[in-house]
Amino acid sequence: MSLELKNVEKKIGLDTHIYSTNLKLEKNTINILLGSTLAGKTTLMQIMAGLDKPTSGEIWFNNKNVTGMKVQKRNVSMVYQQFINYPNFTVYDNIASPLKITGVSSDEIKQRVGKVAELLKLSGMLNKKPNELSGGQQQRTALARALVKDSDLILLDEPLANLDFKLREELREELPKLFENRDCIVVYATTEPSEALLLGGNTATLQEGKIIQYGKTLDTYNKPNSLVSAQVFSDPPMNIAKIKKSGDQCSFLQNDIQWKTRLNIKDGEYKVGIRPHNITTYKEGKNTLEIKGKVLISEISGSESLIHFTNGNLNWVSLSNGVFQKNVGDEMNLYMNTDEFVYFDQNERLVSNG
Amino acid sequence: MAKVTLKGLSHSYLKTQSSDADWAIRGVDIDWNDGGAYALLGPSGCGKTTLLNIISGLITPTKGDILFDDKVISGLNPVERNIAQIFQFPVIYDTMTVYDNLAFPLRNRKIPEEEIKVKVHEIAEMLELSSTLNNRASGLTADGKQKISLGRGLVRSDVNAIMFDEPLTVIDPHLKWILRSKLKELHQKINRTMIYVTHDQTEALTFADQVVVMHEGQIVQTGTPVDLFEKPKHTFVGYFIGSPGMNVLPCQIKGNDVIVNGKKIETHQQIKKSNFNKTEVGVRPEFISFSNEGIPVKVLSVSNTGRHKIVDTESETGKIKIIAKSNEDIPSGSAFLKFKKEYTYTYGDSWIIE
Amino acid sequence: MNKTVNQKAWFFVIPVFVLVAFNAIIPLMTVVNYAFQETFGNNVFMWEGTRWFKQIMLSERFHASLGRQFLFTFIILFIQIPLGIAIALTMPKEGIGVPVCLVLMSMPLLIPWNVVGAMWNIFALPDIGFLGHSLNALGFDYNFTQQIGDAWFTTILMDVWHWTSLVVLLSYAGLRSIQPAYYQAAEIDGASRWAIFTKIELPKMKKVLTIAILLRFMDSFMIYTEPFVLTGGGPGNATAFLSIDLVKMALGQFDLGPAAAMSLIYFFIVLLVCWVFYTLMMRNEEKS
């Protein structure tokens with residue numbers, strides 16, 4: 001089973017919403033579309049589903065051209081950010097609804113709904129109405145409805161965005177397991193890089209209607225092909241600074257911090273991308289650089305501390321393990337792990353990482 | 001500004017109460033110092049909003065007293081209590097300018113226009129609203145509007161406490177940290193009692209010096225972010241703070257020994273009593289490492305989040321999660337786990353045994 | 001989002017189009033036809049150009065009825081809008097009172113218009129009507145069939161009775177949609193009741209109030225049945241509003257040409273006022 005977009009382009013009036021896109025999606029893994037709001041994730045999904053037609057280009061499903069085929073004739077399920085269920089149906093009837101339309105026997109419906117409900121931990125609440133459920137359970141019901149019919153294509157448009165932090169964590173862990181043994185293609189849109197990493201699978205980074213990079217999630221993260229891809233795939237945002245290289249010496253343009261490099265590239269100006277977790281309050285790695293910072297704020301999330309600070313005229317973000325409470329305006333020393341620096345040329349293409 | 005004390009507060013929305021579940025909050029005692037930054041943290045339905053409404057005077061508690069500066073004020077209405085409140089979504093007066101919005105509470109109190117001018121400009125400066133003072137408030141973005149709501153609380157000098165009810169709900173994710181740092185900075189500058197209610201651990205831990213964690217109507221722990229992370233007093237705190245949360249495993253206590261999966265383990269505290277219905281051991285994923293001996297487990301899966309690996313393992317009595325470095329080699333199949341002694345606690349009926 | 005184009009949808013539009021043609025376009029075209037021609041029956045027509053329009057525009061009778069019409073509309077808007085808001089503000093916000101009030105409020109709206117006219121006619125009769133009799137018993141010299149002032153008073157009272165509920169219901173809906181947090185914040189800010197009304201309630205009701213004003217303007221400007229049944233336009237022509245005057249001209253005197261011209265002018269006045277009102281409203285919307 002495969003889904004392929006060939007030179008798909010979408011224009012509305014004079015605005016290009018999706019630039020010419022080629023993408024081949026695989027089954028048995030989650031295909032993640034990662035990008036900020038308005039990057040084109042939803043438009044792309046609607047084109048895949050057949051809810052929207054591309055201005056030009058073709059969509060091939062199982063080596064058959066399905067461009068322009070209506071969504072009713074395709075076997076597609078979709079789950080949205082909002083919890084969309086039939087308010088007057090019980091959970092059971094909600095889950096059973098896609099099967100009733102296709103005329104499956106009631107015995108089989110009963111058996112399949114029971115199985116999916118079990119999988120999504122809804123067995124105890126089949127007779128309740130959606131408004132009696134918590135947000136997490138409502139979204140589980142919507143997911144169950146998408147899973148109960150054997151769709152060829154399941155589209156999930158930021159399904160966890162409206163859930164509480166802890167519920168999100170729970171469901172995110174279960175999701176990849178739900179799709180493991182299904183003969184279908186799963187597409188998952190999200191704005192959160194950490195979510196993509198936790199879900200695994202393949203990731204396409206998107207920005208302003210363009211697919212920047214597509215590949216195995218961890219590869220896309222570790223080897224960004226460009227600065228844009230690295231920025232899309234970094235949360236908190238990647239720190240970017242201009243540097244100068246001459247010989248084996250590199251230095252920031254905005255201060256006098258210098259370090260040695262084994263980079264085999266021409267001398268000149270480059271940009272360096274530093275992920276927040278490579279700037280820490282403690283030394284990590286073999287080659288570290290000290291940087292002075294004036295604290296803007298320290299944010300604490302469970303066991304990690306994000307320290308936003310200024311150095312020169314740049315704002316920096318660091319991420320350290322442990323709880324560090326700092327007052328606004330405090331001066332402090334932080335350490336950068338130069339082995340993890342990512343270098344880009346003037347055109348923002350990757351030249352080297354590490 | 002005032003010191004806020006809550007004594008033996010309980011509240012039920014029902015007329016008669018037969019079990020603990022009938023109480024929205026029960027037995028709440030709190031001492032908040034004048035000028036402190038506090039947070040009430042818990043999932044939806046834990047009673048934090050009820051507590052907030054009791055403090056602001058919108059709900060009269062079934063039992064207990066509220067004291068400001070050691071004076072009982074339980075009978076006063078919201079206006080007489082002089083509390084400023086910032087709601088989930090910004091409340092502004094649409095037809096007025098930003099200046100008039102900020103001046104409104106002062107004008108209502110018949111303060112001379114000259115004095116108002118000075119005060120409004122001072123607060124606008126602090127909130128970076130100076131340039132928009134003459135604009136219609138309805139034209140501002142959500143974060144600007146939320147700053148106005150906050151500003152109306154700050155202009156008054158007679159406010160006893162400022163309360164925030166999930167104030168960042170409608171703010172764009174990338175603006176959240178900016179507003180968060182603004183709040184923190186403001187607190188450092190003006191030193192007023194601020195109470196922040198949220199379900200988001202990052203917001204609570206970042207904002208507050210003291211965090212009150214609520215669960216099923218009760219306070220389960222009050223402490224600094226470090227306390228909550230390093231020494232959870234209740235298994236719920238362990239679960240709710242940190243991502244992923246603390247591992248909780250059933251254990252047996254025999255004499256002074258703590259036994260998990262048939263193995264004796266070392267814990268932080270000496271066990272003196274053991275007459276509990278349920279005894280458990282809690283240890284965070286950050287404080288577990290692979291070893292040559294210890295608790296035998298089976299490694300189920302590994303997800304690499306770029307900055308670390310989250311390893312799922314299964315022991316005889318339940319799943320155990322481990323956080324490992326991203327470059328660490330993870331054994332496959334069978335392995336042994338070692339818990340860090342100083343961060344391993346035993347819990348009796350969900351509460352820490354001390 | 002733009003949807004898949006499906007030309008078949010046009011088939012669904014055809015019935016509506018046919019229906020609209022019969023009930024709007026064809027009658028309107030007939031009126032246009034009469035407005036520019038003279039007829040003496042037997043389907044004989046003579047081209048008159050804009051003669052009827054000039055005649056109507058210059059006629060004092062038209063000016064008088066137009067004046068009466070505007071006066072009437074302004075008076076009833078002036079009474080009904082504030083009164084409607086005031087009643088909505090005093091209505092209960094929860095409990096059994098809510099449905100009771102809503103049902104009571106809707107009652108006048110459910111009565112057919114000619115019945116309203118007939119009811120008020122009987123109610124206000126100076127000799128046997130409750131209102132007329134009581135007023136006279138109290139020493140007022142009241143007779144709506146004879147005195148111009150009384151006729152206006154009765155007509156306005158009837159319209160207020162009939163239509164204020166609509167404003168109440170719309171305002172009530174607007175008020176209910178204001179989040180409680182606004183009231184809490186205003187209380188905390190120390191706002192007076194009047195300030196809460198002017199700074200929160202009124203701005204938040206703006207949308208429904210514009211709809212209320214627009215609806216009440218259109219309805220009252222085209223009012224016919226109730227005053228026709230109540231006063232028949234009298235005494236004299238004192239309550240002959242535009243529509244009553246128009247019917248008199250068309251069916252009473254059979255001046256089809258001028259009546260047709262007047263209909264069109266009438267139609268354009270309503271259209272113009274609504275358009276001006278709508279654009280002002282939209283511009284205001286964009287600003288905020």
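## Salt bridges, cores and a sheet in a predicted model

Asp267(A) is partly exposed, with 49% relative accessible area, in what is a predicted model. Because Lys245(A) belongs to strand S11 (residues 239-246) of chain A, while Asp267(A) sits in the loop between strand S13 (258-260) and strand S14 (268-274) of that chain, the pair ties together parts that are 22 residues apart in sequence. Lys245(A), with a relative accessible area of 5%, is buried.

Side chains of opposite charge can pair when their charged atoms come close. Over all chains, the search of the whole structure finds 37 salt bridges, and the table sets out three of them.

| Lys166(A) | Glu169(A) | 3.3 Å |

Glu354(B) is exposed, with a relative accessible area of 57%, whereas Lys231(B) counts as partly exposed at 26%. Elsewhere, in chain A, salt bridges that share partners join Lys121(A), Arg140(A), Glu170(A) and Glu174(A) into one network.

The largest nonpolar core of the model has 72 residues, and those with the most contacts inside it are Phe164(B), Val211(B), Leu337(B) and Phe339(B). Domain 1 (4-230) and domain 2 (246-352) of chain B both contribute residues to this core, so it lies between them. Leaving aside residues up to four places away in sequence, Phe164(B) touches Ile86(B), Leu150(B), Leu183(B), Met194(B), Ile195(B), Tyr196(B), Val197(B) and Phe207(B). A second, separate core of 52 residues includes Leu175(C), Ile200(C), Ala261(C) and Cys274(C).

Chain B also contains an open sheet of 5 strands, arranged in the order S16-S20-S17-S18-S19 with antiparallel pairing. Its edge strands, each of which pairs on one side only, are strand S16 (288-291) and strand S19 (318-325) of chain B. On average, and with direction ignored, neighbouring strands of this sheet are turned by 50° against each other. Strand S16(B) is joined by 4 bridges to strand S20 (residues 334-339) of chain B, and the two run antiparallel; within S20(B), Lys338(B) stands opposite Ser289(B).

Chain C has 12 helices and 2 strands, which follow the pattern α-β-β-α-α-α-α-α-α-α-α-α-α-α when read along the sequence. The C-alpha trace of chain C spans about 75 × 75 × 30 Å along its principal axes, and 40% of its 288 residues count as buried. Among the contacts in chain C with a separation of 6 or more, 66% are accounted for by residues 24 or more positions apart.

Technical notes:
Residues are numbered from 1 along each chain as its sequence is written. Chains are lettered from A and ligands numbered from 1 in the order in which they are written. This is a predicted model: local features need pLDDT of at least 70, side-chain atom pairs count only at pLDDT 80 or more; totals for chains, interfaces and linings use all residues. Side-chain values use heavy atoms; hydrogens and water are left out. A nonpolar core is a set of buried Ala, Val, Leu, Ile, Met, Phe, Trp, Tyr and Cys residues joined through side-chain atoms within 4.5 Å. Buried means under 20% relative accessible area, exposed over 50%, partly exposed in between (1.4 Å probe, protein chains only). Domain bounds come from an automatic or database domain assignment. Contact means heavy atoms within 4.5 Å. Two strands pair if DSSP finds at least two bridges between them. Axes are lines fitted to C-alpha atoms, for helices over the stretch in contact, and angles run from 0 to 180 degrees between N-to-C directions. A salt bridge is a side-chain nitrogen of Lys or Arg within 4 Å of a carboxyl oxygen of Asp or Glu.
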